[in-house]
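Welcome! Take a look at the sequence and structure below, and then we will walk through some strands and a pocket together.

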Amino acid sequence: MTSTAKTLDVSVWRSNDTGGAFQAFAVPIQESQTILDVVAWIQQNEDPTLAYRFACRVGMCGSCAMMVNGKPRWTCRTHVQKVISGNKIEIAPLRNLPVIKDLATDMDPFFDKWVKAEGVFHPSKTRDDAIEQIDPTSHERTEADIGIECINCSICYAACDAVSTTEDYLGPAALNRAWTLFNDAKDSGKQTILDAVSANGGCHSCHSMGSCAEACPNELNPMASIAGLKRETAKAFFARRKS
Amino acid sequence: MTDLWLYMAQRISALVMAPLVLGHIAVMIYAIQGGLSAGEILGRTQGSFGWALFYGTFVVAVSIHAAIGLRTIAFEVLGLKGSALTVFAWVVFLVLFVMGAQAVYAVTAT
Ligand code: SF4
Ligand code: SF4
Ligand code: FES
């Protein structure tokens, strides 16, 4: 909705010794202003101690995600006018992650879980082998292609209620990554991946409610990737019992 | 028990239950429309191995399915963990199983 006021009422989360509280700022409205512009304006004009994180400003690096009016968003690509409610904007650090200071979260747990989900490449060849030919139209490659556009922003992780309730749940992004590698003809760790995502806190902790898919700024669907992993782990469950 | 085992047990018990639920509903409609009395129903179920198997399987599947489902809710909503969670799931399973088995016995034993 479009507002006629000259300034925005912005509440920004500030950490302090006891946890934190929202602090109010009046920020001049500008044309095509993004949430990241708002945060930067406050830091440059009102309070240089405000901590936040960004790098590319064009939706590539995945470092600027914050909660905006209660929803996780990439702030560099989120226009104020699209998310404003009344004349108010509430900006808070990303959900489901520890806060370092103000709007900057500690993303270590998020990335540690990528490794735990075996979201790392398992090479199958050496430099002496011929390069493997990949058919870009194969089923596996198309499955993988859908998932590889992830920018590691942790927005899906912040949107996921299973992450909030199940401490060791690997989360949508890590499992999406595991699924792309599972479908990668050049990855030799298929069983390693299935074992990792079948452990407690793996893909079976997902309730398939799709908050991740709704929130992902790159329109990825981690829920569908997780459904793929559930199918493959179920198949492997029976195959192992037969052999 | 790992999450994978619980996941598989819950899916398989659901698969088992699906046709049994339909069968159960069909039997209910048939019994009501035909105006069967309790005595007439007991006359057919008592000593029937088929009905004992049908509802016996149902009871086992329901007990497994519900125990795993409630276990997840107890973990996520009430924060139960570790052995408390395991005990909770087994208690749910046993209560449902014993009550169900008792009912099946009551209508099929001669
Ligand atoms: S679908 Fe699964 S991973 Fe996605 S938000 Fe829901 S519980 Fe989390
Ligand atoms: S799947 Fe989407 S929301 Fe999740 S980390 Fe990747 S780009 Fe971000
Ligand atoms: S600053 Fe890089 S994605 Fe927003």
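On a 1 Å grid over the protein atoms alone, a pocket is an open set of points where a 1.4 Å probe fits, with protein on both sides within 12 Å along at least five of seven lines; lining residues have an atom within 4 Å of a point. A volume is the space filled by probe spheres set on the points, which are joined across faces, edges and corners. This is a predicted model, where local features need pLDDT of at least 70, side-chain atom pairs count only at pLDDT 80 or more, and totals for linings use all residues. Residues are numbered from 1 along each chain, and chains are lettered from A.

**The largest pocket**
- The largest pocket has a volume of about 590 Å³.
- Among its 28 lining residues, Ser205(A), Asp3(B), Arg71(B), Thr72(B) and Phe75(B) are the closest to its centre.
- H3(B) gives the largest share of the lining, 6 residues (helices are DSSP runs of H or I, at least four residues; strands are runs of E, at least two).
- The lining divides into 7 nonpolar, 13 polar and 8 charged residues (Ala, Val, Leu, Ile, Met, Phe, Trp, Tyr, Cys and Pro count as nonpolar, Asp, Glu, Lys and Arg as charged, and the others as polar).

**Strands of chain A**
- S1(A), residues 7–16, pairs with S2(A), residues 19–28, in the antiparallel sense over 10 bridges (pairing needs at least two DSSP bridges).
- A hairpin through 2 residues joins S1(A) to S2(A), and Asn16(A) has Gly19(A) as its bridge partner.
- With S5(A), residues 88–92, S1(A) pairs in the parallel sense over 4 bridges.

Note on methods. Heavy atoms only, no water.
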